[in-house]
Amino acid sequence: MLETFSQIPMAWLAFAALAAAGCAAFLAGRTIAMGIARTSEAQLNSQPNYHGYYVAMWTVTPAALLLLGHALFGSGLTRSLLMAELPDGFASFDRLQLAQYLDRVSEAATLDRSVWAGEPLFAAVTERYMILKGGLKLGTFLLAILAGLAGLAFATRRLQASFRARHEVERGIQLALFACAAIAVATTAGIVVSLLFESIRFFSQVPLFDFLFGLHWNAQTEEHFGAIPLFFGTFIISLIAMCVAVPVGLYAAIYLSEYAGARARAWIKPMLEILAGIPTVVYGFFALLVIAPAVRTSAVWLNGLPFIPDEFFAASSTNALAAGLVMGVMIIPFVSSLSDDVINAVPQSLRDGAFAMGATRSETVKQVVMPAALPGVIASVLLAVSRAIGETMIVVMAAGLRPQITADPTAEITTITVQIVALLTGDSEFDSPKTLSAFALGFVLFALTLVFNLVALRVVQKYREKYD
Amino acid sequence: MPDTSSHSATTASIATATKVDCRNINVFYGDKQAIFDISMAIPGRSVTSFIGPSGCGKSTFLRCINRMNDTIENARVEGQVIIEGENVNTDAVDPVLLRSRVGMVFQKPNPFPKSIYDNVAYGPRIHGLARTREDMDAVVQNSLTRAGLWEEVKDRLGEPGTGLSGGQQQRLCIARAIAVSPEIILMDEPCSALDPIATAKIEELIDELRERFCIVIVTHSMQQAARVSQRTAFFHLGKLVEFGDTEQVFTNPTDDRTQDYITGRFG
Ligand SMILES: Nc1ncnc2c1ncn2[C@@H]1O[C@H](COP(=O)(O)OP(=O)(O)OP(=O)(O)O)[C@@H](O)[C@H]1O
Ligand SMILES: [Mg+2]
């Protein structure tokens with residue numbers, strides 16, 4: 001019976017049950033409060049609805065927490081219980097083999113029995129797994145029902161005319177909101193900590209100095225973890241991207257906010273937003289299939305010119321220039337929309353003042369509007385840089401995989417993000433230096449973008465103080 | 001009745017030649033008409049004030065004179081604005097050049113985010129009025145002195161103009177406007193953001209500037225209009241109701257609406 005129970009998907013049922021219980025509890029609480037209002041002389045402190053919310057809150061929350069706990073930790077717990085019971089034969093398995101075996105078991109447990117009929121040991125283990133899983137599930141459900149009833153009883157007994165249900169509900173809402181904020185913060189912190197932790201494991205095998213200042217990177221076949229070529233590649237591609245995005249984005253923003261009429265703005269702004277909405281993989285294959293070959297062709301043509309030495313340009317079929325240019329186009333809307341906001345925030349009275357002095361539009365922009373908007377524009381550029389550093393898809397597709405330090409933009413080059421992808425795709429052991437180096441790279445990436453974002457935020461803050 | 005000080009009483013009668021002759025001005029914002037067929041001859045070397053209830057079109061009419069309405073996207077100005085015999089409200093006249101002849105001071109002080117010196121030097125620079133550094137220094141000092149600000153800022157010309165007090169900022173804006181030696185200065189409620197002492201300073205300044213410039217001032221204060229101006233125009237719902245010597249407008253208005261407005265019965 002438990003085996004069958006283990007196979008029934010319960011999430012929706014649980015959800016529906018919680019909702020129904022909540023409604024019932026609400027009605028109960030409200031009815032009780034209205035009864036109190038009728039019988040007692042004293043005025044109700046809070047509206048009956050708040051009594052209802054209060055009772056519902058106490059009924060649903062404990063049960064929901066239990067069910068949530070089961071959803072998050074149930075399968076892990078089941079596995080641990082099962083592992084404790086495994087026969088001695090499994091002692092020879094190493095961690096990875098065991099994990100794979102258990103994966104098979106938990107997958108089989110969702111299927112029909114006939115699938116594993118041929119392997120008696122596997123069948124036995126799976127049966128046991130199903131029993132454990134079903135038992136845990138049933139236990140949680142019963143416990144959740146009990147908890148709900150207990151909450152209901154507790155809450156209804158507190159209801160009376162002077163009870164400040166409205167206040168209590170407010171506190172409940174505050175707690176719920178805080179919990180959401182806490183989840184966001186905790187997730188971020190968790191990611192950072194795990195990054196840090198794994199990076200430390202990496203640096204216990206590879207010296208930090210060799211990683212940060214080494215000039216040779218080859219993680220796939222040998223174990224050379226000098227990350228400078230990757231930093232350099234990231235830098236070059238970001239630089240090319242910013243050379244495209246900053247002037248174009250900034251001038252577009254100036255055009256939009258200072259020159260364009262209402263009608264032009266109504267057209268162009270949404271167009272730029274569409275540019276921002278294109279999935280990066282689309283940019284990626286555009287870079288790979290259109291721009292990279294064009295760069296290669298031009299480089300070959302340049303190599304053929306008499307005054308340029310043969311093979312001067314690498315003319316690689318994936319190259320830094322293609323990835324950088326396309327990434328620059330992708331970033332244009334970031335620069336333009338942020339700068340547009342900043343430029344619009346410059347008070348109209350300043351422009352009027354300049355116009356009234358007989359300044360032309362471009363003089364006004366250059367001498368009055370831009371100086372006032374400069375800090376915000378710098379901040380938007382910094383945010384765009386951090387975006388460029390972290391961008392992955394385009395460079396994975398169009399920049400290539402070869403870690404090298406070269407000023408030739410037509411050469412194949414690789415970035416931090418590309419290497420992370422390359423390191424983690426394909427089979428590899430979880431704690432080899434190769435895999436761990438991805439965490440170290442991820443940590444560097446995180447630190448870099450964090451710095452850029454923090455500086456940008458500071459600049460924006462200083463700027464705010466000036467105008468509010 | 002507002003007090004009419006002695007100087008306006010005496011100078012109002014001195015006939016001065018017309019500086020700005022506005023003929024049949026109509027202004028539209030989109031389809032909405034804001035100014036209805038206003039004609040007005042504004043005399044030179046004197047102060048003319050525009051009064052009237054909020055939204056009656058004083059600012060709109062004022063902005064016709066330096067064509068600031070051109071910077072408003074859906075605004076359209078019809079009619080002739082004749083300055084010194086030349087109609088400036090045509091495409092043939094460059095508004096940028098016109099505005100170097102017609103300066104403007106706004107309701108809210110709007111110094112540029114630059115140093116005090118650069119604020120005043122801004123106009124002379126873009127119009128190429130000073131050849132050497134010494135010339136520029138002289139222009140800046142002269143303008144600040146005439147705006148009554150020199151003594152207060154002469155030791156900190158390099159500091160940002162936005163760091164001054166509101167009243168000082170407004171005088172800085174006046175200095176900025178007179179630095180290009182305009183013929184006409186338009187002021188749109190220049191004292192409405194200032195306290196009474198700063199206001200008194202500006203009024204004093206306006207009275208001095210009258211000797212060299214044609215000044216048009218929009219104000220909501222009847223007392224101010226009476227104190228500083230020689231001629232007063234009363235606007236109502238986009239129409240010019242009454243225009244005449246300040247003393248006459250305030251003591252003996254010909255139109256009932258003017259009478260009602262200056263005695264505070266509406267507006
Ligand atoms: N940019 C604009 N677009 C559309 N309508 C406008 C614009 N500026 C002013 N108006 C309209 O034109 C009319 C006159 O406005 P204006 O600003 O000239 O009045 P005002 O007499 O200066 O008022 P106040 O004393 O409040 O400054 C008003 O009805 C106003 O709503
Ligand atoms: Mg106005």
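**A sheet and an interface**

Reply: Happy to! Chain B has an open sheet of four strands in the order E2-E1-E4-E5, paired antiparallel. Its edge strands are E2 (32–43) and E5 (86–87) of chain B, each pairing on one side only. This is a predicted model, where local features need pLDDT of at least 70 and side-chain atom pairs count only at pLDDT 80 or more, while totals for chains, interfaces and linings use all residues. Residues are numbered from 1 along each chain as its sequence is written, chains are lettered from A and ligands numbered from 1 in the order written, and side-chain values use heavy atoms, leaving out hydrogens and water.

Me: Why are E4(B) and E5(B) called a pair?

Reply: Strands (DSSP runs of E, at least two residues) pair if DSSP finds at least two bridges between them. E4 (residues 75–83) and E5 of chain B have two bridges, so they pair by that rule. Ile82(B) stands opposite Asn87(B).

Me: What makes up the contact between chain B and chain A?

Reply: Contact means heavy atoms within 4.5 Å. It takes 22 residues from chain B and 21 residues from chain A.
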